[in-house]
Each structure stands twice: as structure tokens, then as C-alpha cells.
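Visitor: I'd like a close look at one part of this model, with the cut-offs spelled out as we go. Could you walk me through it?

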Amino acid sequence: MNPKRRNAVLLAATFLAGSAVTGIAPSAQAAPQACTYQAALLPVPDGIESGAVTATGRAGVYAGTVELSEEDSLERAVLWVDGTPTDLGSAAGADFDLAISDVNSAGTVVGHGARITGSVEGFPTWRWFPVRSRDGKLEQLPVPAGSYDVQTSVVTENGDIYGGGYGADPNYREVYMWPAAQPGTVVKLSGFPKGSRVEGVDTDGTVAVTAEDNPAGTWRPYLWKNGTAKQLPTPAGAAHAQITGISNGNVIGDALTSSFARSAVMWDKQGKAAALPNGQGTSAINSQGLILGTNKRLVASLWQTTTSVGAAPSDGVLNALVDDGSLAGAKARPGATYPRFPAVWACG
């Protein structure tokens, strides 16, 4: 599966101060790096005003969104395979906004669009609905009866799609799966703690979730497999913890104080938690144990499991991490600082 965190977590304002909408905005500070990175802009369809890669399935397979220059145009999804872009279009039925959460190595893209449902004091209200790519365009996925605000999180290598939404209880999210073996169907999975949000799925089928109990105000990390969930230990000194990714048995996330100040953490294959040196937050991990996140100064940074390997590239916004160590996101064209366009940083 694509070993990265599929949606940006909008919890800490301090983290958002150093973040773009869907990724980490690195500073210009230099530091030793795991790789010598070289950035390259990906080709985009004609008339594109800006865009970004937000997901990767393998080296050469990327997905993200782009915006046209026309006023009031909807965001469009794009799939890149070995340098060739496919314009998947906008999410049918969307009024605005489109988020691409994942893509697998076969090029199946999943995400969610937003539909306006009303207004409050003149401001629109909206809910998400899930989409996937098929035959070169996006199509809506079914949702369980009575559910709403449904989003995708992960598409596995065999095409199973995981996500979630709200059902009868508006305080707790539920976990849903769209099985590849049964196209056009959706199931509500059992055995998850109340309020589980899918953060990643490992190659052995282990689903990593953060259980958010909104009434109680608690966040807890869990791993689920074959219908049974096991809680990971809350790191020493933390009141809460959340998961942001899983790959090859290693789990990354953030330890949170009672006021939700965060620090970066990794749980190893035995479930033991360890702090990432000088780490503020995590966003992605690949099967080789390379981790993308931010340090305490909100500089985009890299770790090899729990060893710091310095700052990440500083010339763009980083959203995704590939198994070969390359990174993907968005950067400006030569001679400009904005707008940004889909880009990949190759690991040399």
C-alpha cells in the first residue's frame, strides 16, 4: 500500500503555521539530508493555474489536484504514471473542493468531494462524499444508509478502499470499506473503537486508526486486524496520542499533551514508543523506515526510524513520501515563488 499519511491533520495551530493546505511548507534552513534531492515539475494539462501531488502509489505513480484559471472552476484530479498525466476531471456532484487521499501502484485514485447542504448566517455548510477513479474519470462511491460526511483514506494494492463517516451518532466516526472483490458495495467494519479514523493500512492488512472520543476529549492510537483492535501505548508524559501513518510494521504519530501540544513519535514492530529527536509532528513513513515530518522549529525534516537525518528539501511544499526515498508535493516554476505546481523530488 501507499505508505503515507492520506489526509492533513488540522489539530495544532502551531503546526498549521508551518503548513500549506495539504502539506508541509519547508523553510530555507539547510541541514544534512538523507539524499541529495533534485526537484522536477510534473507535466500538467493545458490551462492549469496551480496544483499539487498529494498521494503516491510507487515511484512514477502520483495523484493530486489542479485548478484551472477560469473563475469558479472546480478542482480536477490528475493521475501521473511514469510522467504521463491523465486528467480525471472534477468530482461529479461536487459544488466545490476536491481532496485526493490516496493512489495505489495500479493507479486507482481515491478521494472525496464537497457538496453544499445549506448555509448558516450567510456562510455555506457542506458535507463530503467519497469518490474513486475508474476508466479515466472519478465516480461516486456508495455510502451506508444514513451515513454522511463520508471520506476515503486509503486504497490498498488489491484495490480495497478504507475510509469513514458519521452514522447515527454525530459524535463518533465509523469505519467503512469498499471491497475490491465486490464492486459497488460498502460495508461498515466491526471491532473498531468508537470514533475511529483510518490513518493507514499496512501490507499485512493491519489498519491503523486514531480513536477520537469527542465528548470525552480523548485521542487514542489503535491497530486493528481481523476484527480485533489493540491499543498502542500512550507515550510517556503524554495525555493523548494519534497515528499519522503505518508501513512495514512501524507506526508513526504524535504524542499530545492535555492541551494538545504535540511531539513526534514512532511505535516499532513490538509496539514500543520512542520520540523522534527534536520532532514536532509526523506526516509520512515508507517501508524503509524513512519518516517525513516537522522539527520543533516547524522545518520539514526527515528521520530514519528514530535517527534524525536533517532537513527535507526547502524549495516547495511536501505532501507525500515514496518507498525509494523520493518526495512529492508542489513547487513554483523557475523564477517565481507562487503559484505552485505538482512536483517530485528525486532521491539521489
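Visitor: Let's zoom in on Arg 58: does Arg 58 count as buried, partly exposed or exposed, and at what relative accessibility?

Guide: Arg 58 counts as partly exposed, at 33% relative accessibility. The labels work like this: buried is under 20% relative accessible area, exposed is over 50%, and partly exposed is in between, with a 1.4 Å probe and protein chains only. Before going on, some ground rules: this is a predicted model, where local features need pLDDT of at least 70 and side-chain atom pairs count only at pLDDT 80 or more, while totals for chains, interfaces and linings use all residues. Residues are numbered from 1 along each chain as its sequence is written, and side-chain values use heavy atoms, with hydrogens and water left out.

Back to Arg 58, whose side chain meets that of Asp 82 in a salt bridge, 3.8 Å from N to O. The term covers a side-chain nitrogen of Lys or Arg within 4 Å of a carboxyl oxygen of Asp or Glu. Arg 58 lies in strand β2 (residues 48-58) and Asp 82 in the loop between β4 (76-81) and β5 (84-89), so the two tie together parts 24 residues apart in sequence. Strands here are DSSP runs of E with at least two residues, helices are runs of H or I with at least four, and both are numbered from the N terminus. Asp 82 itself is exposed, at a relative accessible area of 59%.

Glu 139 is partly exposed at 28%, and Arg 134 is partly exposed at 33%. Another pairs Lys 225 with Asp 204, their closest N and O atoms 3.6 Å apart. This one links distant parts of the chain: Lys 225 sits in strand β16 (residues 218-225) and Asp 204 in the loop between β14 (196-201) and β15 (207-213), 21 residues apart. Both ends are partly exposed, Lys 225 at 35% and Asp 204 at 45%.

There's a covalent tie too: the structure holds one disulfide, a term for cysteine sulfur atoms within 2.5 Å. Cys 35 and Cys 347 form it, with sulfurs 1.9 Å apart. Cys 35 is in the loop between α1 (13-16) and β1 (37-41) and Cys 347 in strand β28 (residues 340-347), so the bond ties together parts 312 residues apart in sequence. Its S-S torsion is about -60°, so the disulfide is left-handed. Cys 35 is buried at 11%, whereas Cys 347 is partly exposed at 29%.
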